[in-house]
Amino acid sequence: MVGPPVFLVNATASLATYLNLRSVREWIFDMAAESDPRMKEDRLPRSVWMLGTEYKLMGAASTAEHESGADAMKRDVRSRLCFTYRTNLAPIGLSQLTTDAGWGCMLRSGQMIIAQALLTHHLGRNWRLPPRTSYKDMPPEYRRVLELFADNPDAPLSVHAIARAGEEVGKRAGQWLGPNTVCSAFKRLHERGAFGADCSLQLMLYDSHDGDNTVYLAPARRKLEAGPCLLLLPVRLGLHAIDPSYVPKVSAVFSFPQSVGFIGGHPNSAHYFIAGQGDVVYFLDPHTPQPRVPLDSRSPDPLHASWHLGSHRRMVLHDLDPSVTFGFMCKDEQDLDDLARRIQAVNAANKGYPAMTVAEDVANAGGGGW
């Protein structure tokens, strides 16, 4: 994956030109994707797994008494927080950029996976966005989560905060960041209390330099002593694209109740992947620029609406860049053990190298373990 166009970083006046080019590029990508014979509905499973929930797409239409699988999935997608490029921002980091358009897609994708973990922690996986609700009438837990990511320099998980954490390791705002760097930034922010003083959610980031794609249980158990834990597992699943042998294993992860998806993408673009249908994956796209929306908990307006676009896109798993980061939410040690069993079951059911493995600790990673 490569960085932002030079003209965007060097000339804010070229933003409109960049966005027009981006729009055309995405239209071409979508047209090519939807005409791809690998994505034809008659060759795909009839169910989609989204963050541990199954939706059967081929069934009766919605009625007053029954919601169809397709409509239920749309409501679920709309309930996810979707962070996109924003304009009219306060200057970001040392760069003085006032938009993250063109370079901040991985930061926004990282915000989405962290936000999903926080929503699950505070409101549960089954929470759905209420229709036509003012911001002041949204659940206080929801407002607390969204305001952590507000587009201002003081918000603990804002693009400004992530950029500052990136600058600490030599990555200035305006540079494209990979999933490992973004997750490392979130780890730094979590250690400084960014999730909130009263939030018990822990964060466990596995070492991306090990290259063994392994969930080590012992350090996760130690984290779980303090509260539920979000596990972030960076993996590499091929050289230039995801190897075909990994595809069914990656798709199966969306059926895990612990799954909060994964972040990754393809050259120039990062996305938040939330669902799988065979070898096709669904994702939320951060590349739609929107103006900054100040949040006010007293507002009678639906200020939160621009974070719930309700749209998703699709692509074939094999076309992804092979570097991705999975997220898993474990409530307790029993939940962690269940995750381990599910990973092992997927590995046993599919040939070839596993997409991820499980071991009790680094010392016995190769000795059988789980």
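Nine aromatic pairs, a count written here as 9, are present in the predicted model; rings of Phe, Tyr and Trp (its six-membered ring) are paired if their centres lie within 6.5 Å, and planes under 30 degrees apart count as stacked, over 60 as edge-to-face and the rest as tilted. One of these pairs joins Tyr-206 and Tyr-216 in a tilted arrangement, with 6.5 Å centre to centre and 50° between the planes. Distant parts of the chain are linked by this pair, since Tyr-206 belongs to the loop between strand S4 (202–205) and strand S5 (214–216), Tyr-216 lies in strand S5, and 10 residues set them apart. Helices (H or I, at least four residues) and strands (E, at least two) are DSSP runs, numbered from the N terminus. Tyr-206 counts as buried because its relative accessibility is 5%, and Tyr-216 is likewise buried at 5%; buried denotes under 20% relative accessible area, exposed over 50%, and partly exposed the range in between (1.4 Å probe, protein chains only).

Phe-326 and Phe-328 form a stacked pair, 6.2 Å centre to centre and with 15° between the planes. Both of these residues are buried. They also belong to one aromatic cluster together with Phe-254, Phe-256, Phe-262, Phe-273 and Phe-283.

As the model is predicted, local features require pLDDT of at least 70 and side-chain atom pairs count only at pLDDT 80 or more, whereas totals for chains, interfaces and linings use all residues. Residues are numbered from 1 along each chain as its sequence is written, and side-chain values use heavy atoms, with hydrogens and water left out.

With neighbours within four places in sequence left aside, Leu-118 is in contact (heavy atoms within 4.5 Å) with Val-145, Leu-148, Phe-149, Leu-157, Phe-195, Cys-199 and Leu-201.

A search of the whole structure for disulfides (pairs of cysteine sulfur atoms within 2.5 Å) returns 0. The sulfur of Cys-330 is too far for a bond, because the closest cysteine sulfur, in Cys-229, is 7.2 Å away. Cys-330 is buried, with a relative accessible area of 1%, and Cys-82 is buried at 4%.
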